[in-house]
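Hi there,

Here is the structure I promised to pass on. Have a look at it first, and my notes on the metal and ligand sites follow below.

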Amino acid sequence: MTLELFTEASGQWQETLCPGAVVLRGFATPAAGGLLAALGEIARQAPFRHMITPGGFCMSVAMTNCGPLGWITDRTGYRYDSIDPDSGKPWPTLPELFLQLAQTAAAKAGFNHFEPDACLINRYRPGARLSLHQDKDERDFTQPIISVSLGLPAVFLFGGSRRDDKPARVLLTHGDVAAWGGAARLRYHGILPLKAGHHPLLGEQRINLTFRKAT
Ligand code: MD3
Ligand code: FE
């Protein structure tokens, strides 16, 4: 990474990794208790599951969704769907607290009028990883993706616009919120295998929420 700008506005550390990629360190920390309570309710209605990739591999990251649309993968491909294939029912409602956090973070990072219609929830246990990929299943790439990290820290790989561009490593820790838009929106990215550890609120896991405008 050649450029990394730090600013401190209203006691909030903000790092610009590149144009369009902004990390708000600890932005979600005050909301963490409320987020986890809402998450428990979501996981009760739509339990975390290990989805199958089109290539036939079982993902090490367990996933669920909330909001009007959810991201899913199976042998037929990747897509957004309003129905949870495991229950046959709509995904749980997007909690007001989730929406509020996503929208305030988006605005702080310079993305106004963000109206997410999907929230993908990833659960990493030690060893779980996400290989380098682009997020391309959304309709409008001018819309950012907002991510919220909770629990154990993870090494985020921030690559370039081509798969073989050497990725930078960025540690994402509990409470970090990041906005990925503009020129960063189609960059390759991934997560290295989660290191074992214990987090006081989440135990042996990391949760990542990604807010998206899919349609
Ligand atoms: C950069 N999740 O769900 S969040 C994903 O931590 C995903 O679970 C990771 O990649 C996780 O698709 C990374 C940070 C993130 C999310 C979307 C991006 C970074 C991004 C889209 C474009 C560029
Ligand atoms: Fe992604």
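His133 is partly exposed, at a relative accessible area of 21%, whereas Asp135 is buried at 9% (buried is under 20% relative accessible area, exposed over 50%, partly exposed in between, with a 1.4 Å probe and protein chains only). Both belong to the donor set of the iron ion (ligand 2), which consists of His133 (NE2), Asp135 (OD) and His189 (NE2) at 2.0 to 2.2 Å. Donors here are N, O and S atoms within 2.8 Å of the metal (3.2 Å for Na, K and Ca); water is not among the atoms, so the site may look incomplete. Along the sequence, the spacing reads H-x1-D-x53-H.

A word on provenance: this is a predicted model, where local features need pLDDT of at least 70, side-chain atom pairs count only at pLDDT 80 or more, and totals for chains, interfaces and linings use all residues. Residues are numbered from 1 along each chain as written, chains are lettered from A and ligands numbered from 1 in written order, and side-chain values use heavy atoms, without hydrogens and water.

Now to ligand 1. Among its polar contacts (N or O pairs within 3.5 Å), an oxygen atom of the ligand lies 3.0 Å from a side-chain N or O atom of Asn122. His133 has a polar side-chain atom 3.2 Å from a ligand oxygen, and for Arg212 the distance is 3.0 Å. Of the 500 Å² that ligand 1 exposes when taken alone, the protein buries 98% (Shrake-Rupley areas, 1.4 Å probe).

Enjoy exploring!

Terms used: Polar contact = N/O pair within 3.5 Å; in protein donor to acceptor, adjacent residues only side chain to side chain.
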